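Have a look at the chain, then follow along.

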Amino acid sequence: MRVLGVDPGLTRCGVGVVEGVAGRPLTMLGVGVVRTPADAELGHRLVAIERGIEQWLDEHRPEFVAVERVFSQHNVRTVMGTAQASAVAMLCASRRGIPVALHTPSEVKAAVTGTGRADKAQVGAMVTRLLRLDAPPKPADAADALALAICHIWRAPAVNRLQQAHAAAAAARAPRTPAVPVRKVPR
């Protein structure tokens, strides 16, 4: 499974591609940051993020895109920028028919470090260890993008099984309509 992780942000949008399957060693295929100038007009910044993500999609051809789920923060302006960058990433993937998964920061931290309260340094250290890198990716947005991809690779099989079980249970509960016999009408 090849996953593009996206840690959305208007100034720094972290991107990282990881390949592998749960229970096996993972491989980092690329990591970076799509940057936009803080003084640029919002529309231009969103276009720059779109172009950057499109380049990553073209170059790495991921099967899935994992985006950090936007959560409520104290600074509404920060939340809005993060949500806008997140929407651009989801749009780019969806336009290509690539499934998008959203993971909360605590889900990602728990998957990678074992605790949902890990700090940036702990996440960076575990990403470095799990991907067998020489040093933590810089800036932290890049490491967070790789952590999102790792989280998705590890959680996707369980989530898929859970979704299938819910669908099967819903189908079993659905009322069955009796078959109506078809009568032939003579001509």
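Which residues does Ala-118 touch, not counting residues up to four places away in sequence? They are Lys-109, Thr-113 and Val-123, where contact means heavy atoms within 4.5 Å. Ala-118 is found in the loop between α3 (105-113) and α4 (120-130). Ala-118 counts as buried because its relative accessibility is 2%; buried means under 20% relative accessible area, exposed over 50%, and partly exposed in between, with a 1.4 Å probe and protein chains only. From Ala-118 to Ile-49 there are 69 residues in sequence and 28 Å in space, C-alpha to C-alpha.

A word on the model: it is predicted, with local features needing pLDDT of at least 70, side-chain atom pairs counting only at pLDDT 80 or more, and totals for chains, interfaces and linings using all residues. Residues are numbered from 1 along each chain as its sequence is written, and side-chain values use heavy atoms, leaving out hydrogens and water.

Now to the sheet. Its 5 strands form an open sheet in the order β3-β2-β1-β4-β5, with mixed pairing. At the edges sit β3 (27-35) and β5 (100-103), each pairing on one side only. From one strand to the next, the twist averages 20 degrees. Helices (H or I, at least four residues) and strands (E, at least two) are DSSP runs numbered from the N terminus, and two strands pair if DSSP finds at least two bridges between them. Strand β4 (residues 64-68) runs parallel to β5, joined by 4 bridges; Ala-66 has Ala-101 as its bridge partner in β5.

Helix α1 (residues 42-60) lies across β1 (2-7), β2 (12-19), β3 and β4, at about 165 degrees to β3. Such angles run from 0 to 180 degrees between N-to-C directions, with axes fitted as lines to C-alpha atoms, for helices over the stretch in contact.

Helix α2 (residues 76-95) has buried residues including Val-79, Gly-81 and Cys-92. The buried residues of α2 pack against β1, α1, β4 and β5. After α2 comes Gly-97, with a positive phi near 80 degrees.

Finally, the cysteines. A search of the whole structure finds 0 disulfides, a disulfide being a pair of cysteine sulfur atoms within 2.5 Å.

| Cysteine | Relative accessible area | Closest cysteine sulfur |
|---|---|---|
| Cys-13 | 0%, buried | Cys-92, 9.5 Å |
| Cys-92 | 0%, buried | Cys-13, 9.5 Å |
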